[in-house]
There are 2 protein chains.
Amino acid sequence: MPNLYKDVVAANELYAQTYTAQPDAFAHRHAAILTCMDSRLLPNEFMGFKAGDIHLIRNAGGRASDDAIRSLIISSKLLKTNQFFVVHHTDCGMQRFTNESVQEVLASALASSVTYQPIDWLTIQHGLFKSVLEDVTKIRNHPLISSDIPIYGFIFDVMTGKLIPVDEAIRVGKAK
Amino acid sequence: MPNLYKDVVAANELYAQTYTAQPDAFAHRHAAILTCMDSRLLPNEFMGFKAGDIHLIRNAGGRASDDAIRSLIISSKLLKTNQFFVVHHTDCGMQRFTNESVQEVLASALASSVTYQPIDWLTIQHGLFKSVLEDVTKIRNHPLISSDIPIYGFIFDVMTGKLIPVDEAIRVGKAK
């Protein structure tokens with residue numbers, strides 16, 4: 001086994017020695033966060049949450065993909081969360097790519113015989129305020145997301161650790 | 001503003017006071033983790049990682065959805081990770097639901113006039129060993145995931161904090 005696998009197993013053995021199980025499966029602060037997979041982001045820490053508090057949905061960019069919306073519907077309709085936060089971040093990889101540049105990287109890395117279904121890479125082309133606004137709006141307008149769930153938009157600044165509110169993207173209550 | 005929003009802003013102000021920026025955007029342990037959005041899971045902690053180490057992809061169930069695979073492709077082809085971990089967990093909400101039961105909850109909560117595209121909810125119907133194996137296999141067989149990336153499968157036990165390896169689901173190297 002390579003080193004990383006062994007490191008994970010060893011770290012987990014230590015972790016389990018002082019682990020305390022949560023009493024139940026609910027998100028006790030009744031909120032779901034959608035954010036990026038970026039390695040630098042510690043959303044529980046930068047938003048003040050702990051184990052048992054919130055659902056954390058993460059993907060490349062923190063985008064409101066169909067799958068992120070599947071998770072938000074499960075979170076709210078079946079697991080009773082009632083507030084959402086969408087958090088993109090500065091220096092995001094998805095700002096450096098376009099659908100075309102991703103395709104070029106793939107084409108140069110792959111044998112020409114490899115075929116695959118086209119993918120929308122959900123890159124960020126018009127700035128983070130726009131991408132947060134776009135994603136909050138997409139979630140707000142989904143027919144399976146209750147209109148009384150507030151959705152808050154933020155940008156996390158990886159240089160300062162600060163959350164910048166995207167006020168235009170706040171979509172509270174029935175005001176669709 | 002409701003209390004949760006104010007709490008997040010206050011917690012973030014404290015966080016930023018002692019924040020140290022990571023030097024760059026890479027995942028320094030060159031790995032990506034796919035796991036569930038469940039509020040009890042602290043994957044960095046239970047696997048021994050810290051800020052800057054790994055990409056974290058999370059959704060309802062930790063399933064290998066098309067969007068999780070989009071993120072894994074971005075992670076490996078563009079951001080140079082070279083190992084993947086798929087981690088499902090005991091007492092997962094997605095084990096308690098079926099596509100049919102989700103539809104029933106939605107039907108009872110929604111006005112009959114609400115229409116929407118059908119969604120595969122990716123519930124877990126045949127146990128966690130099977131769901132981990134299924135997802136590792138799906139990622140392994142995707143034409144845009146390099147066959148030399150090892151993919152490790154685990155179940156996180158929420159009662160003990162321990163990772164249980166799903167040995168059948170380990171897919172290392174070229175052995176497709």
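The model is predicted: local features need pLDDT of at least 70, side-chain atom pairs count only at pLDDT 80 or more, and totals for chains, interfaces and linings use all residues. Residues are numbered from 1 along each chain as its sequence is written, chains are lettered from A and ligands numbered from 1 in the order in which they are written, and side-chain values use heavy atoms, with hydrogens and water left out.

**Figure 1. Overview of chain A.** Chain A has six helices and five strands (DSSP runs, H or I of at least four residues for helices and E of at least two for strands, numbered from the N terminus). Read from the N terminus, the order of elements is α-β-α-β-α-β-α-α-α-β-β. The C-alpha trace of chain A spans about 50 × 50 × 35 Å along its principal axes. Of its 176 residues, 57% count as buried (under 20% relative accessible area; exposed is over 50% and partly exposed in between, with a 1.4 Å probe and protein chains only). Among contacts (heavy atoms within 4.5 Å) in chain A between residues at least 6 apart in sequence, 67% join residues at least 24 apart.

**Figure 2. The interface between chain A and chain B.** Chain A gives 82 residues to the contact, and chain B gives 82 residues. About 7100 Å² is buried between the two chains, and carbon and sulfur atoms give 69% of that area (buried area is the accessible area, 1.4 Å probe, that two parts lose on being put together, summed over both). On the side of chain A, A:Leu4, A:Met37 and A:Arg70 lose the most area to chain B, together 11% of what that side buries. Two salt bridges are counted between the chains (a side-chain nitrogen of Lys or Arg within 4 Å of a carboxyl oxygen of Asp or Glu). The side chains of A:Asp7 and B:Arg29 form a salt bridge at 2.7 Å, N to O. Between chain A and chain B, 29 residue pairs are in polar contact, both residues at pLDDT 80 or more (N or O atoms within 3.5 Å; within protein, one must be able to donate a hydrogen and the other to accept it, and residues adjacent in sequence count only if both atoms are side-chain atoms). Helix 1 (residues 3-17) of chain A supplies nine residues, the largest share of the side of chain A that touches chain B. By class, that side has 51 nonpolar, 15 polar and 16 charged residues (Ala, Val, Leu, Ile, Met, Phe, Trp, Tyr, Cys and Pro count as nonpolar, Asp, Glu, Lys and Arg as charged, and the others, Gly among them, as polar).

**Figure 3. Aromatic pairs.** Over all chains, 16 aromatic pairs are found (rings of Phe, Tyr and Trp, the last by its six-membered ring, with centres within 6.5 Å; planes under 30 degrees apart count as stacked, over 60 as edge-to-face and the rest as tilted). A:Tyr15 and A:Tyr19 form a tilted pair, 5.5 Å centre to centre with 50° between the planes. Both A:Tyr15 and A:Tyr19 are buried. A:Tyr152 and B:Tyr5 also form a tilted pair, at 4.7 Å and 55°. This pair crosses between chains, from strand 4 (residues 151-156) of chain A to helix 1 (residues 3-17) of chain B. A:Tyr152 and B:Tyr5 are both buried. One aromatic cluster holds A:Tyr5, B:Phe85, B:Tyr152 and B:Phe154.

**Figure 4. Surroundings of B:Asp157.** B:Asp157 sits in the loop between strand 4 (151-156) and strand 5 (163-165) of chain B. B:Asp157 counts as buried because its relative accessibility is 17%. Leaving out residues up to four places away in sequence, B:Asp157 touches B:Thr90, B:Lys162 and B:Ile164. B:Val87 is 70 residues from B:Asp157 in sequence and 10 Å from it in space, C-alpha to C-alpha.

**Figure 5. Surroundings of A:Ser131.** A:Ser131 belongs to helix 6 (residues 128-140) of chain A. With 3% relative accessibility, A:Ser131 counts as buried. Its side chain makes a polar contact of 2.8 Å with the side chain of A:His88 and reaches the backbone oxygen of A:Leu128 at 3.1 Å. A:Ser131 touches A:Arg63, A:His88 and A:Ile124, not counting residues up to four places away in sequence.

**Figure 6. Surroundings of A:Asp67.** A:Asp67 lies in helix 3 (residues 66-78) of chain A. A:Asp67 is buried, its relative accessible area being 9%. A polar contact of 3.1 Å joins its side chain to that of B:Asn59. Residues that A:Asp67 touches, apart from those up to four places away in sequence, are B:Asn59, B:Ser65, B:Asp67 and B:Leu122.
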